[in-house]
Amino acid sequence: MAGVGAAREWGQGSPKARASVAFALGLAGALHAAEANDAARLEALLAPLATFAADFEQVVTDADGLALETSTGRMTLSRPGRLRWEVREPWPQLVLADGTSLWVHEPDLEQVTVRPLAGALEGTPAMLLLEAPGSLVSHFAVVGEGSDNFRLLPQDARSLYQALHLAFDADEAGAAMVPRSLVIVDHMNRTTRVRFTNATTAPVPTPELFEFDVPPGTDLIGEVGRPEPTTRSREIP
């Protein structure tokens, strides 16, 4: 019967079966090689960003594209592990990574949340910019979408995000490639688009820029990641 003959032909050990398996393995190998190449290109773009500063505009939209929130501010980065993300409008907020702890200060609520930095950024967009070079591929599958645009898929199924998109362009002086936009899509198809402007790879961040002191009268929630006795505390008038 034709059906039986076809089944035998595709059965174990048949030339067509072996060719099919070989093709599938070859395709998988090619895809893996392409992904590794894309990850290497992204690492090469991120590696020079020892320091980076830019203004940002962040727009959050729902699954239908309706704008939910728009905010603006300034960010400063010192790799690895230090980031100051300061929202200025419409409501002040500060997210600060000091190398060991992640602080979130909401002045309107008179509240500060702190947790150890280790593990706090797992699979998050901030980790793209904060971690040391070479660690990217252990957290994301990287797919190139053009010479300087990348889609990143978290390796951890528990990640809050289903995909990230990072695009680069020349800085204002045309001397270096810098992040120009970051798009984050969560599992509810809510999208956060961040656009960077006035970017520079040569800021002069002082150590105090990445230190946080709890203002008087502010509730502190969480666990400070840095060990005693290096914890520094003073009141801000």
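Trainee: Which residues have the most contacts inside the largest nonpolar core?
Mentor: This is a predicted model, where local features need pLDDT of at least 70, side-chain atom pairs count only at pLDDT 80 or more, and totals for chains, interfaces and linings use all residues. Residues are numbered from 1 along each chain as its sequence is written, and side-chain values use heavy atoms, with hydrogens and water left out. A nonpolar core is a set of buried (under 20% relative accessible area, 1.4 Å probe, protein chains only) Ala, Val, Leu, Ile, Met, Phe, Trp, Tyr and Cys residues joined through side-chain atoms within 4.5 Å. The largest one has 36 residues, and those with the most contacts inside it are L42, M75 and L152.

Trainee: Is I184 buried or exposed?
Mentor: I184 sits in strand 10, residues 177–186; strands are DSSP runs of E, at least two residues, numbered from the N terminus. Its relative accessibility is 10%, so I184 counts as buried.

Trainee: Which residues does I184 touch, not counting those up to four places away in sequence?
Mentor: Contact means heavy atoms within 4.5 Å. By that criterion the partners of I184, leaving out residues up to four places away in sequence, are P125, Y161, A163, L164, R190, T191 and T192.

Terms used
Helix = DSSP H or I, 4+ residues; strand = E, 2+ residues; numbered from the N terminus. Buried < 20%, exposed > 50% of the residue type's maximum accessible area, 1.4 Å probe, protein only.
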